[in-house]
Amino acid sequence: MVFWVFGYGSLVWNPGFEVDEKVIGFIKDYRRVFDLACIDHRGTPERPARTCTLEEYEGAVCWGAAYCVRGGPEREKAAMEEGDSDQPFLTGVIVFTSTPDKILNKYYLGPAPLEDMARQIATAFGPCGNNREYLFLLEKALFDIGHEDDYVIELANEVRKVLGIIGGVPAEMNLSSPTNASLKSSLSPLKLSHLPGAIALDS
């Protein structure tokens with residue numbers, strides 16, 4: 001059986017598990033937001049980090065990476081064959097989403113002004129590192145696959161402003177975002193396809 005999971009946050013650059021295949025693609029009608037608290041990796045219960053989740057938004061496109069886990073060779077080959085470009089490249093992809101219900105989901109922070117989010121991200125840290133690194137690595141990963149996210153770039157630039165105020169920004173963190181960036185991934189362009197029909201798992 002072929003098992004696919006779609007990553008739109010840290011999974012884009014670090015899946016953290018062994019994969020058989022990676023495909024760059026997008027899902028429709030969802031957008032990436034930094035509305036989910038992290039209290040055990042990039043933050044603490046006292047100072048939670050802000051990490052990605054998805055929210056439904058008609059017409060939105062969210063780029064990321066889909067990973068095949070323990071797939072059979074024949075099924076994987078079939079999944080990789082070029083098909084009709086108007087049809088989904090993959091279906092049945094598992095996608096993690098988070099309910100915005102603050103009663104059912106104690107980790108849902110909800111939206112906030114950009115400046116407030118930037119201050120929280122700039123200062124939160126936990127056992128796995130700081131929150132700003134998570135954001136900057138996501139920004140770079142999306143740049144590397146040739147599909148920058150304006151929201152991520154805007155938030156990252158605001159965090160850089162905050163860091164400049166509280167002690168300066170490391171030079172390596174200043175990632176410029178040229179327009180019409182070329183695809184830097186070694187993946188074949190034939191694998192760039194959309195991933196509608198995803199299975200949404202609620203937290």
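**Pocket, strands and cysteines**

Trainee: By class, what makes up the lining of the largest pocket?

Mentor: There are 18 nonpolar, seven polar and two charged residues. Nonpolar here covers Ala, Val, Leu, Ile, Met, Phe, Trp, Tyr, Cys and Pro; Asp, Glu, Lys and Arg are charged, and the others, Gly among them, are polar. Bear in mind that this is a predicted model, where local features need pLDDT of at least 70 and side-chain atom pairs pLDDT 80 or more, while totals for chains, interfaces and linings use all residues. Residues are numbered from 1 along each chain as its sequence is written, and side-chain values use heavy atoms, without hydrogens or water.

Trainee: What makes something a pocket, and which residues count as lining?

Mentor: On a 1 Å grid over the protein atoms alone, a pocket is an open set of points where a 1.4 Å probe fits, with protein on both sides within 12 Å along at least five of seven lines; a lining residue has an atom within 4 Å of a point. In the largest one, 27 residues qualify, and Ser10, Cys38, His41, Thr51 and Tyr134 lie nearest the centre.

Trainee: Which strands supply at least two residues each to that lining?

Mentor: S1 (3-7), S2 (21-38), S3 (49-69) and S4 (94-97). A strand is a DSSP run of E, at least two residues, and a helix a run of H or I, at least four, both numbered from the N terminus.

Trainee: Why is S2 called largely enclosed?

Mentor: Because 13 of its 18 residues are buried. Buried means under 20% relative accessible area (over 50% is exposed, in between partly exposed; 1.4 Å probe, protein chains only).

Trainee: What makes Cys38 and Cys68 buried or exposed?

Mentor: Cys38 sits at 11%, so it counts as buried. Cys68, at 0%, is buried too.
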